[in-house]
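Take a look at the protein below.

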Amino acid sequence: MPIKGIKVVVVKTNDTVSTDTKGFFSINAKQGATLSFKGPGYNVAQYKVGQKDSVGIQLSEQFLKQPQSIDVLYNNVKAEDNLAAISTIYTNQLTTTPASLYTFALPGQLAGLYVRQRTGFPNPQAATPTNAAFLFNYVGKHNINAEDNNGQFDVQVRGAVNPFNAPQAPITIIDGVQREISSIDPETIESVSVLKDGLSTILLGINSSNSVLLITTKKAQQGRTLLSFSAQYGIQQSLGLPTPISAYQYAYLANEALQNDNKSPIYTTADFEAYRNHSDPIGHPDVNWFNTLIRKNAPMRNYKLNITGGNNIARYSISLNYFNQGGMWKTDPSLSYNTNNNLSRYTLNSDINISAAKNLDIDLQLFGRVQTITYPGQGGTTFPMLLERLYGTPSNAYPIYNLNGSFAGRNIDYFSNNLLAMSQYSGYTNTQNHDILTNVDLKYDMGSTLKGLSLRGKGNFAINSQNFIDRSLQNAVYQYSQVDGSYTAFGNPRTQSNSFNNVSNSRYAYAQAAVAYDNSFGKNNINAMLFYDYRSVVLTYDLPRLLQNRALQLSYNYDNKYYITGTVNNSGDDRYAPGHRFGWYYAGGLGWQMGRESFIKDNLPWINSWKWRASYGNTGNGNVDWTGYFAYRSTYDSGSGNAYPQGTGYVNGGGYGEVNGVINPNVNPERAHKINFGTDISLFDNKLAITADYYNNKYYGLLRSRGASNQLLGSNYPVENLGINRMTGGELTVTHQSHVGDFNYFVTGNASIVSAKAEYFDELKQVYPWMVRTGKPITAIYGYTALGLFQTQQEAASSPTTAGYTPQAGDIKYKDLNGDGVIDQYDISAIGGLKPLVYYGLNFGFNYKGFNMSVLLQGVGNNQINYSQIDVTQGFNGKGGLGGPPYGQAYTSILNRWTPETAATATSPRLTAGFNQNNSAASSYYVHSGNYIRLKNAEVGYTLPRSITSKFNVSNLRFFVNGENLVTLSGYKGIDPEVFGQVYPIQRVFNAGVSVKL
């Protein structure tokens with residue numbers, strides 16, 4: 001497309017011209033001279049003048065955008081006028097990450113936004129909202145919302161937490177409409193912003209305590225029809241998987257564990273030899289189940305098609321995307337259906353912008369998604385069980401197949417479902433999502449009536465349906481008798497199911513109207529807006545939830561140096577009791593553009609801009625649905641009460657009881673005082689930018705139950721607005737972008753620190769001060785304080801221990817905090833997670849003569865994790881009743897266990913068989929560093945010169961390779977610092993692609 005306003009300079013001279021609306025220019029330059037092409041938002045290009053009189057130059061966009069205006073909630077404002085705490089990234093910073101969701105690209109990119117991955121693949125959503133009864137079904141579950149991330153991420157801004165002290169995700173608003181969708185194609189996203197303070201979110205009113213993840217998609221642009229297509233193919237590799245010990249090692253160490261518990265060993269010398277030389281694969285199997293079930297590489301494919309164009313009357317943009325992510329399990333190609341994890345998704349995003357009249361613009365948008373997530377047949381509601389059995393089944397439990405080809409197993413519940421049969425031959429289940437979103441935006445410029453006056457309206461309707469299909473089956477297992485050659489069947493075999501669950505059906509409607517005024521009178525600049533919106537949410541069979549905002553926003557600045565703004569919002573939610581539904585929420589801000597003062601601009605010309613800003617907001621959080629469905633109303637049914645004698649015959653009859661216990665009709669929305677101080681600095685011809693913020697957020701009136709666990713009413717206490725949390729912290733972003741000749745480079749880094757404390761939650765009076773949790777960090781980890789391992793039996797016998805347990809040398813020794821000689825609940829204290837969390841990112845790269853490179857490093861500091869997965873940390877965990885036999889698998893992490901010979905260097909307690917109440921207790925022994933730095937993604941690409949591609953009528957042809965989770969350096973080895981435990985592992989991705997523009 002032609003670009004207007006590009007400066008064309010003859011290097012080493014003062015000769016300069018600019019391109020016109022068609023991108024043309026004319027300049028006098030000698031042969032051999034160098035022309036430099038430079039424009040805002042584009043990389044610098046150079047051209048050496050030859051004998052040609054004309055030349056075509058193709059400019060590439062800068063990796064980091066520095067726009068003059070930024071997106072805010074429901075509006076777009078000049079960047080220099082913004083007083084709120086907002087961080088933004090753009091398309092290029094999203095598309096270098098090969099992944100199923102744009103969320104994968106966010107870690108380390110936005111100051112104040114903490115993103116932690118929890119699993120490498122979406123978790124299944126399979127439960128139905130209804131329960132079966134005689135002749136009819138009744139609604140048994142409420143507030144069911146299709147969760148787009150499906151548990152893959154914790155997304156948190158400035159330490160915000162929900163009523164359970166888990167990370168509180170920000171509200172996602174896409175093109176001005178709230179929808180929690182993360183599967184939008186990053187190529188169609190113009191920007192992702194995080195709105196962090198009360199001033200930036202106040203138009204949400206009753207929900208303005210929540211931060212906002214603001215997504216703006218690309219809009220139709222005027223110009224000739226442009227068609228672009230890209231194809232990508234990648235491979236995934238599972239990371240952070242433990243290494244199981246062999247059957248020989250297992251037998252040897254199992255005997256040691258049994259003997260440590262004064263039990264008889266179960267493996268003989270002959271067994272050791274059979275396991276070692278694999279002479280009896282049926283009677284003495286040695287199966288590495290991880291290698292048997294998990295493949296080394298899994299594919300990922302991504303195809304995108306975009307068409308855009310139009311004129312001054314109508315403009316259009318259509319984007320189509322197909323994404324397919326394969327799972328980590330091995331499969332049998334002879335089956336007619338896929339039994340592996342798989343995510344398949346089609347998305348459509350279209351935008352039509354029409355100038356219907358001189359002053360009227362209409363924008364129509366349609367988004368559609370069809371997504372299917374498949375799991376192994378044992379993977380629907382029992383997908384965690386497949387992973388748990390993978391971790392827990394010993395390498396010598398049973399062979400994969402018997403001699404006759406049947407699935408092997410044993411007459412023990414834990415071994416009665418063959419692992420290979422579970423992962424490959426158990427049929428399949430899948431979750432299907434269907435989404436449609438329609439937006440219409442109207443903007444009418446009334447400047448002819450009153451300068452600066454405009455009207456705008458928005459309407460949205462969206463539906464989502466989620467279904468679960470179960471076509472699973474279970475095979476019998478057979479135990480082979482080496483005595484008589486017979487086979488005995490075990491397990492619970494069943495034929496293939498064909499069931500269908502309606503998981504959720506959600507319907508969303510949104511309407512917005514605003515009257516805006518923006519005008520200047522000399523040096524006085526005024527902006528005002530009268531705002532109203534209405535949102536209806538219907539989740540499956542629930543009644544509609546209705547939310548409203550009625551706001552007035554006023555802003556004023558003098559000479560673009562002194563700023564003041566304020567917003568007041570009367571906002572309501574009908575999920576609260578009458579009299580508690582509406583409230584007033586307000587926010588304000590002050591700003592000073594110090595860089596425009598004469599003492600700066602006249603004496604320090606290298607300072608282009610230096611703005612100070614401060615904001616305060618009294619905000620709300622309408623999260624009453626966390627406590628139940630219309631929780632302010634008492635409900636009764638016959639199933640909740642006890643039978644009692646009734647009538648003249650004193651016959652027991654059914655009684656009625658309260659379904660939701662004691663209720664509180666006076667629940668109000670939670671509130672917050674949010675204070676933010678910040679500065680924005682631009683230096684050296686805008687080549688260096690610095691943004692810094694400090695915040696202090698007090699969340700009060702939080703929904704908590706009084707007295708925590710104390711019950712004097714015979715029922716749980718209702719929730720009340722009594723909790724107080726305080727989050728404080730700071731953020732820093734530094735960006736440098738420049739060039740040397742036509743070598744363009746950039747580097748941007750950000751760092752955040754957050755302290756989150758529970759200042760009040762009506763904690764019961766504690767016996768000892770170390771038991772008090774009020775005032776402690778919300779991230780605190782509680783347990784016993786470990787003093788190492790008992791080195792001698794005498795030390796173990798003379799030391800305090802847990803009640804009912806006789807310690808031995810090699811057991812974990814705990815600190816007796818109250819000195820009563822017993823390790824119990826009075827010795828529990830905060831043992832980790834006490835420091836403010838630090839998270840950061842560094843993104844750098846270059847562009848030179850068609851080559852480009854970008855790298856993103858992301859890390860976390862002051863983080864601690866509690867890793868006590870018994871199968872991995874101790875081994876031989878009891879899989880039977882009461883933690884008894886059979887015993888589970890063990891891993892190489894226990895090889896350096898305590899023995900009399902390794903007492904001085906042991907990193908694991910002595911081996912025991914079955915559940916060990918002492919060594920399994922939550923303690924500082926299992927608290928490890930969660931710090932890490934990760935090469936989150938990197939990309940290298942090459943764009944062919946225009947002189948080559950023009951011969952094929954191609955305007956742009958680019959080849960690229962990129963990757964995700966490439967290298968990780970962590971404080972605790974052996975597991976991934978983010979995704980650990982019995983979950984689908986995090987994936988390393990290598991990806992290659994090509995993009996073509998016509």
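Predicted model: local features only at pLDDT ≥ 70, side-chain atom pairs only at ≥ 80, totals over all residues.

Residues are numbered from 1 along each chain as its sequence is written, and side-chain values use heavy atoms, with hydrogens and water left out.

The protein chain has 11 helices and 51 strands. These are DSSP runs, numbered from the N terminus: helices are H or I with at least four residues, strands are E with at least two. The radius of gyration is 32 Å, close to the 30 Å that the globule rule gives for 998 residues, so the chain is as compact as a globular protein of that length. That radius is taken over C-alpha atoms, and the rule is 2.2 Å times the number of residues to the power 0.38. The C-alpha atoms fill a box of roughly 95 × 80 × 60 Å along the principal axes.

Of the 998 residues, 52% are buried, meaning under 20% relative accessible area with a 1.4 Å probe, protein chains only.

The largest nonpolar core holds 36 residues, and Leu293 and Trp329 have the most contacts inside it. Such a core is a set of buried Ala, Val, Leu, Ile, Met, Phe, Trp, Tyr and Cys residues joined through side-chain atoms within 4.5 Å. Helix H5 (289–293), strand S20 (360–376), helix H6 (383–392) and helix H7 (419–424) each supply at least two of its residues. H6 gives the largest share, 5 residues. Another core, of 32 residues, lies apart from this one and includes Leu73, Ala84, Val212 and Ala551.

Terms used
Buried < 20%, exposed > 50% of the residue type's maximum accessible area, 1.4 Å probe, protein only.
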